[in-house]
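Hello,

Here is the structure for your files. My notes on its ligand shell and its aromatic rings follow.

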Amino acid sequence: MTLIPHPPQRALPLHREMERVWSRPPGLKGFLTSVNHSEIGLRFMALAGIYFGIGGILAMLIRTQLATPQGAFLDTALYNQIFTMHGSIMMFLFAIPMLEGLSMYLLPKMLGTRDMAFPRLSAFGWWCYLFGGLILLVALAAGMAPDGGWFMYTPLSSRTYTPGVNADVWLLGVTFVEISAIAAAVEITVTILRLRAPGMRLTQMPLFAWYMLGTSAMMLAGFPPLILGSVLLELERAFDWPFFDVARGGDSLLWQHLFWLFGHPEVYIIFLPAAGAISTILPVMCRTRILGYEAIVAAIVGLVFLSFGLWVHHMFTVGIPQMALAFFSAASTLVAVPTAVQIFAWTGTMWKGTPRLSLPMLHLLAFFATFVLGGLTGVMLAVVPFNWQAHDTAFVTAHLHYVLIGGFVFPMMAAAVYWLPLMSGRVRVRGVGEVAFALIFIGFHGTFLIMHLTGLLGMPRRIPVYPDNPEWALPNLISTLFSFMMSIGFVLFALDLLLHALFGRRSTRDPWQANTLEWKMALPVPSYNIAALPVSTDITAVSLARGEGALPGAPRGRREVLAVSSLDGKAQHVAVLPGNTLLPVVTAAMVGVFVLLMLFGAYILACTAMLGVLVCGWTWHRFGRDLRPARIEITPGQTLPDQTGVEGSLTRSGMIALIIADASLFGSFLFALGFLSVIAPGWPPPDSGLGLGALLLGGVALGALAVASGLARWSRGPLPGALAGVLALVAVLGVALLLDDPTRHARDALRAAATGYAALHIGIGVLLALIARTRAPATAAASRSIWRLWQDFTLITVAILTLLVVAQEVLS
Amino acid sequence: MLAGCDGALSTLAPRGPEAEAIATLWWIMLAGSMAISLMMFALLGLAFRKNRRPLSDRFWTHGMGLGFSFTILSVLLAAAIITGDRLIARHQSASVRVEAIASQWQWRFVQPGPDGAPVETQGRLYIPAGVPVEVFIRSEDVIHSFWVPTLAGKLDAIPGHENRLRFEASEPGVYQGRSAEFSGVGYADMLFEVLAYPPDDVPAQFTNRGESAPAAQAGEPDE
Ligand code: HEM
Ligand SMILES: [Cu+2]
Ligand SMILES: [Cu+2]
């Protein structure tokens, strides 16, 4: 089906009509209520920039301390906080939010739509990020910051060896930020799969969208292991449930596995969006098209899968059997192949076109120079015997900064310079940016190249002084001097942005002659992006502004976009998006209060805050309740239904994405269970006191859940379904009362955690059933299908957990 | 060049076969990496030449991206696995066995003395030179890592687990060791040393238990 665009209208009235619907009120009110993707994306990036500055200052403190063997000024306890916070801030509060912000800002524009799929979720994510980050910052200022290194190995981070609140700050603060990341991943996935311009097939997407699809898939699968690990460790710290305590059936290695199950994919989560920016910018800088689109897509898919099979290369020194070493070494080496495919595709692109040396290109060349070296040292570290020597030395510090600064910071700087006109409508003031670039590039290599040698000379990471090793003094001094040069460069870079915003000339449309969709909008980009959704590839900025496309304007006074089928981009229905609301900030604040209460050990009060979160969640769904089914003309002669009554709603896609993340969480839990029962020394556990009663109750819960799942398939099902859910909940709470003391042994703690998991899921199922119940019959099908997904997932997971417990009982 | 590589903790100044094998591996990998980087930089530089011969898309994605990288990596992987195999399996039956016990922030070593009774030393490990030794590494609290860079790679001390490291000091001498896994405020000073003595000349500090050595103390084990 080809769509015929609407006839042109007058651009200005159209603009006014759209602004009325899509913009936000001015001032603080607007700031608190805005859900617009451009604004939230920019806020993400701005805040990430601030955190980069803070992390950078901490880095300079580290470098100053290390300049001389005696260490200048920091005592060890403070030094430990500083490098831990440097690493944690850079990874969790700079890199991840920066890429979320960039993609939130760009994706709807590149895909030809007007906002993200779940605008309120974008805003919620940003507020979570703000509050979670603030918790970490306040702790740093108060001298109570985490101090166990950014990977927080147990048992150093357990209650015995870190009695203070430091580790809790990390666990809760980071989990808070991770929630925001999962939220972002859900909506990035749904936006890419369902909100493209009508007719844009998956295989025609801009490469950046492919990269972000890979990234968000990895976030959905990769963050839950760390969330699980953090929850378990926090449970151990708060309630003494011994998941990691080797004396009671736990194992500190479990933490390492969970952490790196997240930690390795994290590296690619950070790299892929940067690579997406490169694949977008480089061809424009070379006045050509990207070479090897299919090969690159294949490489992305390969990376997404491979990167989940590598995590053990961070653990080569923990004493792993030789066979496993060989396997993970091979996997870690071969993951370089898809990366090489991309690097060579980019090089080929440069050969194909005529590269020009403008500022974004300089940053891209710096990316090549740096990332290639970082990749090579990465391959070296995948070689097990060499890893035994280099692991945990300055060599690794050097490697990781080559990869992170080379593979993320340089491309992000290229992206900033390249896309700034879109954000500000201005062009850069020449000069400062080039100087900044030179200082950063030279400063970076001066700092980190020699650090490889320092590491091979035996300098471990994370030490504040080295009085017995004068041979490390010179290389460290060199690193420190150049690092000051680099920081001056970063300050100049920030200055350049400021000058740009203040004094830049007005930019013409599409200043780089990129001719891609995101440049076909007015500069700076209006709140609604485009007055009409593009229906073909031969469109211009002017034709879009005149409404020549699908769904022009906002004639119904609401925010409308087109939802398409995920593979071939066929227009399916009109999705009405929610507008400005306080709900995101209030919900995030509730979660924040919950986290703070947990930090201060007020666990009962924390439960009430959780209730607040639930109430917010309930309010959340009320949007769209008063929509009445209607058919809407999207292009002349072509009408589509709106989302009411459509089963394949965006929310349903979002629920599927969320369940994928949840399944990863559940899988990690099963991994933990298996790992502890097979590897941990303290097994078999003491006799369990679970009797027939618990078994019966478990059976009742399962039965009730099966009934609820069945009811979810029936239009009158919600009310009885909710009642069945409540019955299941009561039964599970009964099981909880019969459990053995969770502090006795890791097995009992795991069972308690599993019970909690089940109860939470059953409870949410009841809520979803009630939501489906409140909807008018004409619109209930959509919410019922969402409830059904959840109910089925709950049934499956609870059944698996029950079977496992029964198996444990039978086998023991 | 090699003078710059010296240092008590330098992995580039190996004093035993294990560390030597790894150092050799490093130099080979360094040479290979430099060749590859130079090639990459040349390719990038050549992209700026005015009249260059266009190359097919497949040359870049399949030829270089898949073929070239795959070949190099396979060779490297084979070399790595063979070296690793040799390092792990080398001395199946080491005659000297030592227990290394880490705790915040010190190392204790227990091994049979000349008369067969266990001897415990603190901060200094005595081993005969020229003979493979086997160290059983344990921890009493948090995670630590046993590392004598001039002799061998590191291996972690993990609570509840025991790891075995085999290595050999070619010549008699004193070798610096340290913990290599962050363990809290005392981490930086968690040093020890390995004293390799000529096999026929067992040092007095080690035989005369109870007398303390300059940097180390020998004492009865607790039980
Ligand atoms: C701005 C320039 C930067 C400088 C000068 C710098 C410097 C350092 C130094 C000296 C250390 C090692 C401390 C030690 O010996 O333990 C370190 C650790 C680290 N850095 Fe950076 N860094 C910079 C930027 C970044 C960026 C952009 C990232 C990530 C995106 C990053 C991530 C890390 C991580 C994860 C660690 C490990 C922390 C730990 O051991 O727990 N750094 N940095
Ligand atoms: Cu990794
Ligand atoms: Cu790496």
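A polar contact here is a pair of N or O atoms within 3.5 Å; within protein, one must be able to donate a hydrogen and the other to accept it, and residues adjacent in sequence count only if both atoms are side-chain atoms.

The model is predicted, with local features needing pLDDT of at least 70 and side-chain atom pairs counted only at pLDDT 80 or more, while totals for chains, interfaces and linings use all residues; side-chain values use heavy atoms, without hydrogens and water. Residues are numbered from 1 along each chain as its sequence is written, and chains are lettered from A and ligands numbered from 1 in the order in which they are written.

Ligand 1

Two further contacts are at 2.7 Å: a nitrogen atom of ligand 1 with an N or O atom in the side chain of H401(A), and an oxygen atom of ligand 1 with a polar backbone atom of R462(A). The shell (residues with a heavy atom within 4 Å) has 21 residues, of which H86(A), W150(A), H401(A), R461(A) and R462(A) come nearest. By type, the shell divides into 13 nonpolar (Ala, Val, Leu, Ile, Met, Phe, Trp, Tyr, Cys and Pro), 3 charged (Asp, Glu, Lys and Arg) and 5 polar residues (the others, Gly among them).

Helices are DSSP runs of H or I, at least four residues, numbered from the N terminus. In chain A, α3 (37-66), α4 and α14 (394-424) each supply at least two residues of the shell; the largest share, 6 residues, comes from α14(A).

Aromatic rings

Rings of Phe, Tyr and Trp (its six-membered ring) pair if their centres lie within 6.5 Å; planes under 30 degrees apart count as stacked, over 60 as edge-to-face and the rest as tilted. Over all chains this gives 66 aromatic pairs. One of them, F92(A) with W170(A), is edge-to-face, with 5.8 Å between centres and 85 degrees between planes. This pair links distant parts of the chain, 78 residues apart: F92(A) is in helix α4 (residues 76-111) and W170(A) in helix α6 (residues 166-194).

Regards
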